[in-house]
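Student: Can we go through this one together? Show me the structure and we'll start from there.
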Amino acid sequence: MGGMTKQGPNLHGLFGRQSGGVDGFSYTAANKNSGILWGDDSLFEYLKNPKKMIPGTKMVFAGLKKESERRDLIAFLKKVTSD
């Protein structure tokens, strides 16, 4: 389900997935070895500052500083990435 892996990995099934776990996407070693399991809390922290949470990631997204924006994005992602 979801779309093809392009600039980033397909986000379908994101919640409950291990970081660096989509076949066909070229993750950094930092991302693959981070041990992060994606859920509300981990995404909330990651979306604040991806490079702080996973030093060495190639993610170019600077982050969302406002808590309300992060909560809204997580709610949206839950809706559009679920089975």
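Tutor: Helices (H or I, at least four residues) and strands (E, at least two) are DSSP runs, numbered from the N terminus. Residues are numbered from 1 along each chain as its sequence is written. This is a predicted model: local features need pLDDT of at least 70, side-chain atom pairs count only at pLDDT 80 or more, and totals for chains, interfaces and linings use all residues.

Student: OK. Where does Thr-28 lie?
Tutor: Thr-28 is in the segment before helix H1 (29-32).

Student: Is Thr-28 buried or exposed?
Tutor: Thr-28 counts as buried because its relative accessibility is 18%. Buried means under 20% relative accessible area, exposed over 50%, partly exposed in between (1.4 Å probe, protein chains only).

Student: What is Thr-28 in contact with, leaving aside neighbours within four places in sequence?
Tutor: Gly-56, Thr-57 and Lys-58. Contact means heavy atoms within 4.5 Å.

Student: Switching to H4. Which residues are buried there?
Tutor: Arg-70, Ile-74, Leu-77 and Thr-81 of H4 are buried. They cover an arc of only 65° around the axis, so they sit on the same side of H4. That arc is taken over directions from the helix axis to the C-beta atoms.

Student: And which exposed residues are on the face turned away?
Tutor: Asp-72 and Lys-79.

Student: What covers the buried residues of H4?
Tutor: Helix H2 (40-48) is included in the cover. H2 and H4 pack at an angle of about 130°, with axes 10 Å apart. Axes are lines fitted to C-alpha atoms, for helices over the stretch in contact, and angles run from 0 to 180 degrees between N-to-C directions.

Methods
Heavy atoms only, no water.
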